[in-house]
Amino acid sequence: MTMFSLQGRKALIVGIANEHSIAWGCARALKEQGADVAVTWLNAKAEPHVRPLAEQLGAGIMGPLDVSVPGETEAFFAQIADRWGRLDTLVHSIAFAPKADLHGRVVDCSAEGFATAMDISVHSFLRMIRLAEPLMPAGGSCLSVSFFGSSRVVRHYNMMGPVKAALESAVRYAAAELGEKGIRVHALSPGPLATRAASGIDHFDTLLAEAATRAPTHQLATIEDVGAMAAFLASDEARNLTGGVHDIDGGYSITA
Ligand code: NAD
């Protein structure tokens with residue numbers, strides 16, 4: 001017996017790069033609970049890696065979406081409006097920071113690099129929520145993905161710390177603004193996971209090893225763990241939850 005169902009729900013998943021992506025874990029979990037999914041890839045270079053995964057899920061809508069290209073987000077949402085006429089769940093699982101800025105001290109990061117990281121990792125979520133709002137007349141859920149480095153200094157996480165802090169705050173304000181429409185907004189906050197984005201962080205292997213040691217469960221988070229939480233938050237059973245930052249980390253974030 002399934003505890004909840006997403007049968008017939010429509011979900012947009014932004015952020016699959018490959019089968020290690022957190023977005024892939026979310027897409028699979030939503031699909032397994034019965035949702036129809038739409039899947040995006042960054043660009044032509046990413047398409048051969050993502051298209052087969054989208055096809056595996058029987059994605060009804062798929063195509064390119066680079067949030068830094070003007071009009072591309074709007075065009076993808078227009079496809080959703082045309083084909084589905086509505087959207088129940090948005091999963092925004094993307095982040096970016098220029099390497100030179102990411103690898104230096106936060107106090108040294110450039111204004112341009114900081115603005116780019118904020119635009120792709122935070123403001124793009126607000127833009128997507130704004131486009132999703134008219135497609136969610138009966139409510140829905142909008143999820144993004146954050147990290148513990150938002151509220152604590154995690155060595156080598158550097159400028160993504162302030163960027164994730166802004167993301168979590170944006171989640172709270174959007175949740176407050178859209179709550180009366182039944183649109184719920186959350187951040188999923190997994191412990192460190194070996195993905196392509198994570199490989200851009202210096203000494204990420206050390207972070208993984210520390211997390212496995214420190215977490216009370218001694219288990220690293222998996223994309224299946226994140227997917228399960230995403231599917232639950234997308235369900236009607238989570239209808240009265242909003243504005244949260246949900247740690248999915250074996251308890252890593254409670255330890256000193
Ligand atoms: P990933 O590399 O699999 O996914 C990152 C995605 O961001 C890619 O699909 C990439 O194409 C997309 N992206 C980057 N720039 C984009 C743009 N301009 N337009 C559209 N998409 C763009 O890595 P991941 O770890 O699955 O990352 C997903 C999210 O999870 C990120 O927000 C990341 O910060 C967050 N996160 C990751 C970890 C971790 O340890 N891996 C932990 C906590 C949070």
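**Exercise 1. The ligand and its contacts**

How far is an oxygen atom of the ligand from a polar backbone atom of Ile22? Describe the surroundings of the ligand.

*Solution.*

Step 1. The structure is a predicted model, in which local features need pLDDT of at least 70, side-chain atom pairs count only at pLDDT 80 or more, and totals for chains, interfaces and linings use all residues. Residues are numbered from 1 along each chain as its sequence is written, and side-chain values use heavy atoms, with hydrogens and water left out.

Step 2. The distance at Ile22 is 2.9 Å. A backbone N or O atom of Leu193 lies 2.8 Å from an oxygen atom of the ligand, and for Ala17 the corresponding value is 3.4 Å. A polar contact is a pair of N or O atoms within 3.5 Å.

Step 3. Taken alone, the ligand exposes 820 Å², of which the protein buries 92% (Shrake-Rupley method, 1.4 Å probe).

Step 4. There are 27 residues around the ligand, and Gly15, Ser21, Ser146, Leu193 and Thr195 come nearest (a residue is near if one of its heavy atoms lies within 4 Å). By class, this shell holds 17 nonpolar, 7 polar and 3 charged residues. Gly is counted among the polar residues.

**Exercise 2. The largest pocket**

State where the ligand sits, and describe the lining of that site.

*Solution.*

Step 1. The ligand sits in the largest pocket, since more than half of its atoms must lie within 2 Å of the grid points. On a 1 Å grid, a pocket is an open set of points with protein on both sides within 12 Å along at least five of seven lines, and lining residues have an atom within 4 Å of a point.

Step 2. The volume of the largest pocket is about 1300 Å³. Of its 42 lining residues, Ile94, Ala95, Phe96, Arg196 and Ala197 are the closest to the centre.

Step 3. Helix H1 (22–32), strand E2 (36–41), helix H4 (99–102) and helix H6 (160–178) each supply at least two residues of this lining. The lining divides into 27 nonpolar, 11 polar and 4 charged residues.

Methods
Polar contact = N/O pair within 3.5 Å; in protein donor to acceptor, adjacent residues only side chain to side chain. 1 Å grid on protein atoms, 1.4 Å probe; cavity = no way out; pocket = protein on both sides within 12 Å on 5 of 7 lines; lining within 4 Å. Points joined across faces, edges and corners; volume = space filled by probe spheres on them. Helix = DSSP H or I, 4+ residues; strand = E, 2+ residues; numbered from the N terminus.
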